[in-house]
Amino acid sequence: MGITDVVGKAARNAWSLFVADGIAPPHRTPSVVVGDGRHRTLRRFGPENAGPPVLLVTPLAASPTCFDLMPGQSLVEHLLELGRSVFLVEYGEMTSDDRDLGLEFWIDDVIPEAIARTSELCGNARWTSWRGASAARWRCSPPRRIPTCRCGR
C-alpha cells in the first residue's frame, strides 16, 4: 500500500467522520432492563431463558458498548447465536458526587447484586467461572450470598 492509498483512506475516513454520517452507523443489540439501582443497570439481550447465562461486566473505565460494537463485531451477538442468555451490567454516568466510591463498592455491592439477579432470572442457575480482579477478591474474601461456581443449572 503506497502513500497515496493511505492518504486516500485517511481522507475518506475524515470526510465520513466530520461531514457525512460517520464511519459506521451506531449499533446496539435490542435489550430489556431487568434490574436497576445506583450505578447499576442490568440488561438482558435476547429471549428469556435462552440457555445458560452469561453476565458481561463492563470494565470500570469503558463503555458498555465495548461488548456490542457493530453487527459482525459483537460479543453479545455471538453469545446469542450460541444460544446463551446474555446479561450486561453497566454503571451509568459518573459525577463528582461519586468520587468517594472505591473498588469495594463495585466488588461488594454492584457485581454481586448483578450476579444474584441474573441467577434469579435464570432459575437460580449456577455459574461456571469467574474472571479478573473481582474473582480474585471473591476467592480471598469471606463467603457472601452469591451463586456457587459450578456448571449447569
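In this predicted model, a search of the whole structure finds two aromatic pairs. In one of them, the ring centres of phenylalanine 105 and tryptophan 106 lie 4.9 Å apart and the planes stand at 75 degrees, so the pair is edge-to-face. Ring pairs join Tyr91, Phe105 and Trp106 into a cluster. Phenylalanine 105 counts as buried because its relative accessibility is 13%, under the 20% limit. Tryptophan 106 is likewise buried, at 6% relative accessibility. The face of phenylalanine 105 also has a charged neighbour: arginine 38 lies over it, at 5.3 Å from the ring centre.

Tryptophan 106 belongs to the largest nonpolar core as well. This core has 14 residues, and those that touch the most other members are Leu42, Leu55, Phe87, Val89, Trp106 and Val110. Both β6 (85-90) and α3 (103-121) supply at least two residues of the core. The largest share, six residues, comes from α3. In soluble globular proteins, nonpolar side chains tend to be buried together.

Charged side chains form a further set of contacts. The whole structure contains six salt bridges. Three of them are listed here.

| Glutamate 90 | Arginine 28 | 2.9 Å |

The salt bridge between glutamate 90 and arginine 28 links distant parts of the chain, with glutamate 90 in strand β6 and arginine 28 in the loop between α1 and β1, 62 residues apart. Glutamate 90 is buried, at a relative accessible area of 12%, whereas arginine 28 is partly exposed, at 36%.

Through shared partners, salt bridges join Arg28, Arg43 and Glu90 into one network.

Aspartate 98 is in the loop between β6 and α3, and arginine 38 is in the loop between β1 and β2, so their contact ties together parts that are 60 residues apart in sequence. Aspartate 98 is buried, with 10% relative accessibility, while arginine 38 is partly exposed, with a relative accessible area of 46%.

The loop between β1 and β2 (40-45) also holds histidine 39. The phi angle of histidine 39 is near 55 degrees, a positive value in a residue other than glycine. Most residues other than glycine have a negative phi. Histidine 39 is buried, at a relative accessible area of 11%.

Other loop residues lie at the surface. Proline 47 is placed in the loop between β2 and β3 (53-57) and is exposed, with a relative accessible area of 53%. The C-alpha atom of proline 47 is separated by 9.6 Å from that of valine 32, 15 residues apart along the chain.

Valine 19 is in the loop between α1 (3-18) and β1 (31-37). With a relative accessible area of 53%, valine 19 counts as exposed, because the cut-off is over 50%. Together with Trp15, Leu17 and Phe18, Val19 forms a nonpolar patch on the surface, with about 510 Å² of accessible area in total.

Key
Residues numbered from 1 in each chain as written. Predicted model: local features only at pLDDT ≥ 70, side-chain atom pairs only at ≥ 80, totals over all residues. Heavy atoms only, no water. Patch = residues over 30% accessible without salt bridge, like charges linked within 9 Å, V, L, I, M, F, W, Y side chains within 5 Å. Areas by Shrake-Rupley, 256 points an atom, 1.4 Å probe, with all protein chains shown as cover. Salt bridge = Lys/Arg side-chain N within 4 Å of Asp/Glu carboxyl O. Helix = DSSP H or I, 4+ residues; strand = E, 2+ residues; numbered from the N terminus. Buried < 20%, exposed > 50% of the residue type's maximum accessible area, 1.4 Å probe, protein only. Phe/Tyr/Trp six-rings, centres within 6.5 Å; stacked < 30°, edge-to-face > 60°. Lys NZ or Arg CZ within 6 Å of the ring centre and 35° of its normal. Core = buried A, V, L, I, M, F, W, Y, C linked by side-chain atoms within 4.5 Å.
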